[in-house]
Amino acid sequence: MREEEVHYDIAVIGGGLAGTCAAIAAARLGRRVALVNNRSVLGGNASSEIRVWVCGATAHGVHRWARETGIMGELYTENQYRNPEGNPYYWDQVVLDAVRAEPNIDLYLNTDVREVEASGPDDRREVHSCTGWMMGSERRITFHARQFLDCTGTACSAISPAPATASGVRRGASSASPGRPPRRTRRCSARRSSSTAGTRAGR
């Protein structure tokens with residue numbers, strides 16, 4: 001396993017549409033960005049792997065006034081031009097090309113973030129780095145950044161250094177809503193530099 005350390009202004013964890021748009025926006029503002037995705041394609045649920053199509057509030061064109069704008073709108077318009085038949089694999093390429101067009105973005109595909117190093121008190125926890133394993137190439141990469149954006153959809157890199165939390169129940173409560181047991185959040189492995197909690201990421 002080859003150990004590597006890289007440094008960026010912003011590290012975006014998760015290459016779904018939220019993470020992709022966040023990375024592009026940051027790159028256009030002049031920031032050096034690492035976009036880290038645990039799959040081989042970008043787009044998350046909208047990729048060819050899952051195929052939850054992007055239509056926003058338009059209901060597939062019925063409500064045209066509700067169409068997405070901004071970077072998402074750019075991707076959508078480009079896809080309509082290049083991919084009028086709606087081929088999911090062409091859509092993957094549209095998203096990938098948009099990322100590759102930004103010189104300030106370094107893309108790390110097939111890289112699963114499994115460790116987060118953080119410190120600080122409960123209400124001011126700071127993430128210092130996160131480490132991911134790049135599948136297939138046996139690279140273990142530690143990402144250092146001034147700011148971390150968790151776009152995984154599971155808040156994996158935000159919650160992993162903290163104790164497990166519950167959804168739908170107050171701290172110290174003995175039970176959740178009647179008839180419903182408390183649901184525990186997903187946990188990732190983490191290195192703790194001190195006792196930490198919360199979900200704020202930054203440096």
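A residue counts as buried when its relative accessible area is under 20%. Keep that cut-off in mind while looking around this predicted model.

Start with glutamate 102: its relative accessibility is 13%, so it counts as buried. Its side chain meets that of arginine 28 in a salt bridge, 3.1 Å from N to O. Glutamate 102 sits in the loop between helix H3 (88–100) and S3, while arginine 28 belongs to helix H1 (residues 17–28), so the pair ties together parts that are 74 residues apart in sequence. Arginine 28, at 43%, is partly exposed.

| Pair | Closest N to O |
|---|---|
| Arginine 2 and glutamate 4 | 2.9 Å |
| Arginine 82 and aspartate 97 | 2.8 Å |

Arginine 82 and aspartate 97 form a salt bridge. This pair also links distant parts of the chain, with arginine 82 in helix H2 (residues 70–82) and aspartate 97 in helix H3, 15 residues apart. Salt bridges with shared partners also join Arg2, Glu4 and Arg139 into one network. Glutamate 4 is buried, at 18% relative accessible area.

Now for the strands. S2 (residues 33–36) has Val33 and Leu35 pointing one way and Ala34 and Val36 the other, and all are buried. S2 pairs in the parallel sense with strand S1 (residues 2–13) over four bridges, and with strand S3 (residues 105–108), also parallel and over four bridges. Valine 36 is the bridge partner of isoleucine 13, and in S3 its partner is tyrosine 108.

Notes. Residues numbered from 1 in each chain as written. Predicted model: local features only at pLDDT ≥ 70, side-chain atom pairs only at ≥ 80, totals over all residues. Heavy atoms only, no water. Buried < 20%, exposed > 50% of the residue type's maximum accessible area, 1.4 Å probe, protein only. Helix = DSSP H or I, 4+ residues; strand = E, 2+ residues; numbered from the N terminus. Pairing = 2+ DSSP bridges. Salt bridge = Lys/Arg side-chain N within 4 Å of Asp/Glu carboxyl O.
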